[in-house]
Structure formats: structure tokens, C-alpha cells
Amino acid sequence: MILRPLLVALLGCTCGTPDEGPALPPLAAPNMPDLVLVTLDTTRADHLGAYGYPRDTSPVFDALAERAVLFERFVVPMATTLPTHTSLLTGTWPAEHGVLANVEHGGRRFVPSPGLRTFTSWLAGLGYDTAGVVSAMPLSRATGIARGFRSWSQPRGTERPARITTNRALGWLAQAPSDRPIFLWVHYYDPHNPYAPPEDAPARFGGTPEPALDAWLDARAPDKVAYRPTGERVDLQQAVDGYDGEIRTMDGYLGQLLDALDEARGTRARVLVVAGDHGEGLNQHGEPGHGQVWTEHLHAPLLVLAPGLAPRRVPTVTAAADVLPIVLGLVDLPGEADFLAQVSGADVLAPGFQERPVLSQTSERQEMLGRRLRYARTGPRWACHFGEDIPTRLYDHLTDPHELAAVDDPATAQACRDAGMAELAVLAQRGVELGAGRTVDDLTDAERAALEELGYLE
Ligand SMILES: [Zn+2]
């Protein structure tokens, strides 16, 4: 056992092994189901076949969607990796959990609200064996996102491809105890910039006429050329081809992961959630990347597969904070009411659920880029964008789902903004009560370099 810390020190890698973490507590109940969360970084919902994309980017996801509940309007709280993942694992909004960027303007790290538990920590207390396998530095252990995971695996450098992440997950699954339920979170990062599918990608896109794709793009009115904040030029066709190739590659590894789950876990009951953390601009509204509140940045894929859950498509606007209540509405775990007491989201599948608009915001990184904070409030029909320094913009998603032209309706716009500001004040007040807002200056030189490489630090 002395060897292991030595190996970790030498390899600089905390790759998952069976002897990591604290001893497992007794099981809180018999027959608790396996829970599996797969997150797809930077994956726009509308670039997947199940959401109507004309290219064959996602055969595995699409086949899953046929058997699952597919959420057609999953809206993330921030088009930024760490804040949205923190929402997914706590059931709260960024103003509550306090993680307002991958890293703060100025290089300090946000500390998740000490008054919140993660889903992982709670499951670990029930006797779940827990493993997290992530692909990029913004989700490093030091951010607090790893709280409760008994086994943890993250890249040694900035990021790693789905091939390696899947191998790590399969390695953990092969030794996971068969007499205990598991909570496994696997995070894929491939579609994030740079868009460079591997040599052995299962499909390459581009180079042939694609009238269906051209029409699809025309409907969204992207710029042929746009520029990242770094000044990097982004050519639309090249970006879309590479981005789609990355999604297709990631999708293939998702298939490998699902096959391995079936093999390793047999007939044990399982709830599977596949969720995006945010979209990508791909030159719409002049933005190549993500981080803004345009719908193409906020609309991500979400599906849930569970025993006895009839497949269907759900048009309800759904938030990241809703995912845990949805899952806990499908299973029966001891003490779940106690955990749900911290959750601000809702089970949108529950009978009688009243659909409501979902609040999103930009990250504090925008201030580093010289931009003011922006908010969006997305409802079944209207989405408004507002901020301190802009007139409120109102979009009608029934007639203009890609937000091409603001609607001139000052009364509706003002009502949307006022409601959004009131909701934000409630969330911020709860954040204060939970201890949100603390930052620490603990980035290592390697992390600082990695975050700079990803464009998250100056
Ligand atoms: Zn992300």
C-alpha cells in the first residue's frame, strides 16, 4: 500500500483503482439501482440526429433516444463547463452553488457553497460505490466537483480524448463490486475546440454536396467567418465538419461504454442520464465558441433511460437543476426527501408539473473579455435576454427558434426581464445563505497553464 502514493506521485495521475477512497458504508437499502451519468461537453442538441440534424453524427445516441425519454428543450444555466456540471450534481443554479465560472476573472477558483451536498456524497452515504472519469481540466478534482467520488480519474494535461476516458471507465467497471450499486459519471470533451477528429474517426464529414445541411445552416444564419476572443479565425464549413466529426467519434465511444455497462452490470436495474453541459455558437450571432446566452449556447441534449419508463419526447423546458429531481422521481432511495430539500429544480415528469421559464446567465469570464453579464429567461414561447447595459431583447421561439430577430413588444420584454431579475434575487439570497461567493487562490502553475491553453485565463 506504500507503493500506491509513490506511483501517484511519479505518474501525476489519480487514475481509478479499487483501493482508493474511504471504506464503503453498509448499504442503506437492498436493490438500489445503478446510476450512470454521461456528460457530453460542448454538444449542441441540434447537431444530433435525434434532434433533427441531417448528418449521421450520433447513431448511438439516436438509438438510445428511441428507448428513452428525450427532453427536447433542455436549457443549461450557463454555457460554461464547471458551473453547469455543478448544477447537475447539486440540483441548484449557479447563483446558489456559487461556481460562477470555470475560474474567476483574476485567476482565483470558486468554492462550491459549503451548505450544499453533492449527489455523489449523498449516494456514497447510502453505500453506493462512486467513480468519476472526466476528460478536461475545468473539471479537475481541485474544483470541488469530485466531492463524494471514491474513485476519480482526470487527464494529466489539459484534456484527453474519449478513447482514453472510455478505457479508464471500462477499467473501473471491470473491478466494480457486483454486490453494490454504482454511481458512475463519465465526461466526454471531444467536441470542444479545437475541432480535430482523430485519424481513426468512424466518419468524416465535408467535401461533398449536402443540400440538406446547407438548408439547415441557412435557417440559422451563421457567419461564414467569425473570430474567437483570441483573434483566431473560424471558417464555418471547416468548423462544422470538424465539430461533427468529433461528435461522431465521441458517440462511438458512448456505444463502447454502454456495451461495457451491460456486460459488467448484467441485469441489475440502471438509470442512465446522458446530458450536454452547453452548446456551441459555430458562428451564429457572430460567436464561434460558447459562454453567451444565445439559444445555440444554452440548448443541450438530455435523455433519461430507466426501467419501466416509457420512451417519449418531452417538449417541456427543462433545467440542469431539474435532472436530479427527475432521477429521484424514477427511483426510490432512502432519505431522498432529505436530499431533495436542497434542490431548487423540479421533476418535470411529475403529474401536474407547471411548466416555467428557466434562467441562465453568462459566466464571470465575460468580464475578463470586457463584456458585462448577460441573462436569459427561456420559457415555452418567449426568451428574453437582458443585462445592465443593454435593452432587453425578446425572442419568440414559436416562430423564431434560432433567435434571428428580436420582437418589438416592450411590455412582454419588460415583464420577462422583471420576472428574471426577481428570480435571480431569490437565487442569490439563497446563495448567501448557503455560503456562496467564496474564492481561493490555489491554482497550480500546471492548472494555470492548462486553463490559459483552453482560453479560460488571460
Ligand atoms: Zn463544457
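What percentage of the 458 residues in the chain is buried? Buried residues, meaning those under 20% relative accessible area with a 1.4 Å probe and protein chains only, make up 59%.

This is a predicted model, so local features need pLDDT of at least 70 and side-chain atom pairs pLDDT 80 or more, while totals for chains, interfaces and linings use all residues. Residues are numbered from 1 along each chain as its sequence is written, and side-chain values use heavy atoms, leaving out hydrogens and water.

View 1. Along its principal axes, the C-alpha trace spans about 65 × 50 × 50 Å.

**View 2. Helix α6 (residues 162–175) alongside helix α8 (residues 236–265).** Their axes, lines fitted to C-alpha atoms over the stretch in contact, with angles from 0 to 180 degrees between N-to-C directions, come within 10 Å and cross at roughly 5 degrees. The two are therefore roughly parallel, a label for angles under 35 degrees. Contact here means heavy atoms within 4.5 Å; on the α6 side look for Ala162, Arg163, Thr166, Ala169, Leu170 and Leu173, and on the α8 side for residues including Met250, Tyr253 and Leu257. Ten of the contact residues are nonpolar, two polar and two charged. Ala, Val, Leu, Ile, Met, Phe, Trp, Tyr, Cys and Pro count as nonpolar, Asp, Glu, Lys and Arg as charged, and the others, Gly among them, as polar.

**View 3. Helix α2 (residues 59–67) against α8.** Here the axes are 7 Å apart, at an angle of about 55 degrees. Pro59, Val60, Phe61 and Leu64 of α2 meet Arg248, Asp251, Leu254, Gly255 and Leu258 of α8.

**View 4. Alanine 320, in the loop between β12 (312–319) and α10 (323–330).** This residue is buried, with a relative accessible area of 1%. Leaving aside residues up to four places away in sequence, alanine 320 touches Phe74, Val75, Pro77, Thr84, Ser87 and Leu88.

Notes:
Helices (H or I, at least four residues) and strands (E, at least two) are DSSP runs, numbered from the N terminus. Angles under 35 degrees count as roughly parallel, over 145 as roughly antiparallel, 65 to 115 as roughly perpendicular and the rest as oblique. Buried means under 20% relative accessible area, exposed over 50%, partly exposed in between (1.4 Å probe, protein chains only).
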